[in-house]
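Please read the points below alongside the sequence and the coordinates. They are set out as a colleague's note, one topic to each paragraph.

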Amino acid sequence: MMNYYSLNQNAPKVSFKEAVIHGIAPDKGLYFPERITPLPRNFFAEIEGLSNYEIAFKAIQPFVGDAIPSSVLNNIISKVLDFDFPVVALEPTIATLELFHGPTMAFKDVGARFMANCLGYFSQESTKKVTVLVATSGDTGGAVANGFLGVDGVEVVILYPSGKVSPIQEKQLTTLGQNITALEVDGSFDDCQRMVKKAFLDTTITKSKKLTSANSINVARWLPQLFYYLFAYKQVKHNHQDLVFSVPSGNFGNICAGMVAQKLGMPVKHFIAATNSNDTIPLFTETKNYRPKPSKPTISNAMDVGDPSNFIRILNLFDNNADKLLKGFSSYSFSDSETKEAIRHLYKNSGYIADPHGAVGYLGLREYLKDHNGYGIFLETAHPIKFLETVENTLGIQLPIPEKILELIKKPKKSIPINSYNQFAQFLLS
Ligand SMILES: *Cc1c(COP(=O)(O)O)cnc(C)c1O
């Protein structure tokens, strides 16, 4: 049995199922597993003999507990992980872990699909449909839409700011149909988020609809990200020791899942959270003082976060003791011009085309390895094609468009225009 408690310490403990269905505790705290038990030593000694499915099952099963039967969980994992997670060596002590081989070409596919399948399973036992509300500034919406497509008992409503997501991202949100509806909001991402928050508090809606959200605070989106680190370890453990992971970070869910993998017993020398100019955590590592700021727009826009929601989980992993955390964790911030320079450097020296987020991860690694030893792996969190304009303009080349994207671009867009909260509420109630 595995229970989850609220990090605000003012709500009852719940099962994995309840934590997934509600997303956030009634006291507004994030859910956290009651315990993290290290995996047996032979799991790591023999990991190269295990398939990705076996690794994932053994790692996640204790967190799921008896909320999902093993046969169902196995089935979910085989659906979620049907693509590759290759480590690509670029320099003698630097490699990248490519997380963009999934259906929407961003690493959020794994968490979104895992959550979708868990929620789909849980909603079988209920006659009332669940409605998932998501506000997106780009990547989250696409991964969530794709992950939840065709899942019985679940409706997905995505709000996105009209004209403010990239053309590819917009197609990923608006061309699926079935149980996915895209609302095109005349406003900013913050307006979309405000509408979603308001709906959760609006009793005329919650009386008749079971609402949940699909952002990274949900444990079913957060925890499966720990698979990436195990898959990387499996690939490099024979040739390299002293692994250093550099994670391009926004809400800090991905890196926090990596730290859970470390708690499970995976040998890691150091974690680096690489950020763009949204430097709340780099500043924290200097002052040990957490000061959220408004977010600033950058070219690595999936990381434009000034108050990262998962950092509280990271602190909790280290008993809320900043000194303990900082023994194995650093965080650095980089400007857009440094990021572009890194994209050019990787292309010129390794023939590698990085996206702006991966490039920030690369810079974090280079900074750390200046005066430390180790073998560095930066996470490439999106395919460069998703940030076509920035990458093409930075490198002065044209990127070949993958088949998947060519097909996507041909599909007709379907969205419902929304210009006020009332219209949104009307839509939900209709
Ligand atoms: C969401 C996202 C990130 C940030 O991940 P967090 O878990 O929020 O830190 C980084 N890169 C890309 C491409 C993303 O979509």
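The numbered points cover the basis of the model, the annotated domain, strands, salt bridges, backbone and cavity.

1. Basis. This is a predicted model, in which local features need pLDDT of at least 70 and side-chain atom pairs count only at pLDDT 80 or more, while totals for chains, interfaces and linings use all residues. Residues are numbered from 1 along each chain as its sequence is written, and side-chain values use heavy atoms, with hydrogens and water left out.

2. The UniProt record, an unreviewed entry, places the feature "domain: Tryptophan synthase beta chain-like PALP" at residues 97–367. UniProt positions are given in the numbering used here, feature names are shortened, and annotations may be inferred rather than shown by experiment. Over residues 97–367 the chain is 46% helix and 16% strand, and the C-alpha atoms at the ends are 18 Å apart. Helices (H or I, at least four residues) and strands (E, at least two) are DSSP runs, numbered from the N terminus.

3. Strand E13. Six of the six residues of strand E13 (residues 375–380) are buried, where buried means under 20% relative accessible area, exposed over 50%, and partly exposed in between (1.4 Å probe, protein chains only). In a regular strand the side chains alternate between the two faces of the sheet. In E13 both faces are covered, with Tyr375, Ile377 and Leu379 buried on one side and Gly376, Phe378 and Glu380 buried on the other.

4. Partners of E13. Two strands pair if DSSP finds at least two bridges between them. Strand E5 (residues 94–98) pairs with E13 in the parallel sense over five bridges, and Gly376 is the bridge partner of Ile94. E10 also pairs with E13 in the parallel sense, over four bridges; here Phe378 is the bridge partner of Ser246.

5. The sheet of E1, E2 and E3. Three strands form an open antiparallel sheet in the order E2-E1-E3. Strand E2 (14–15) and strand E3 (31–33) are the edge strands, each pairing on one side only. Strand E1 (residues 3–6) and E2 are joined by two bridges, and Ser15 in E2 is the bridge partner of Asn3.

6. Salt bridges. The search of the whole structure finds 13 salt bridges, each being a side-chain nitrogen of Lys or Arg within 4 Å of a carboxyl oxygen of Asp or Glu. Lys13, Glu34 and Arg35 are linked in a network of salt bridges.

7. Lys237 and Glu48. Which parts of the chain does this pair tie together? The side chains of Lys237 and Glu48 meet in a salt bridge at 2.8 Å, N to O. Lys237 lies in the loop between helix H11 (226–236) and strand E10 (243–248), and Glu48 in the loop between helix H2 (41–45) and helix H3 (52–64), so the pair ties together parts that are 189 residues apart in sequence. Lys237 is buried at 14% relative accessible area, whereas Glu48 is partly exposed at 35%.

8. Lys413 and Glu170. A salt bridge joins the side chains of Lys413 and Glu170 (3.0 Å, N to O). This pair links distant parts of the chain, 243 residues apart: Lys413 is in the loop between helix H19 (403–410) and strand E14 (416–418), and Glu170 is in helix H7 (residues 167–174). Lys413 is partly exposed, at 38% relative accessibility, while Glu170 is buried, at 18%.

9. Lys288 and Asp323. The side chains of Lys288 and Asp323 form a salt bridge of 2.5 Å, N to O. Lys288 lies in the loop between helix H13 (280–287) and helix H14 (311–317) and Asp323 in helix H15 (residues 322–326), so parts that are 35 residues apart in sequence are tied together. Lys288 is partly exposed, with a relative accessible area of 44%, and Asp323 is partly exposed at 45%.

10. Positive phi. Met105, which is not a glycine, has a positive phi of about 60°. Met105 lies in the loop between E5 and helix H5 (108–123) and is buried, at 5% relative accessibility. Asp319, also not a glycine, has a positive phi of about 55°. Asp319 lies in the loop between H14 and H15 and is exposed, at 53% relative accessibility.

11. Cavity. The structure holds one cavity of 30 Å³ or more; a cavity is a set of points, on a 1 Å grid over the protein atoms alone, where a 1.4 Å probe fits but cannot get out, and lining residues have an atom within 4 Å of a point. The largest cavity has a volume of about 30 Å³, its lining including Ser249, Phe252, Asn278 and Pro308.

Methods: 1 Å grid on protein atoms, 1.4 Å probe; cavity = no way out; pocket = protein on both sides within 12 Å on 5 of 7 lines; lining within 4 Å. Points joined across faces, edges and corners; volume = space filled by probe spheres on them.
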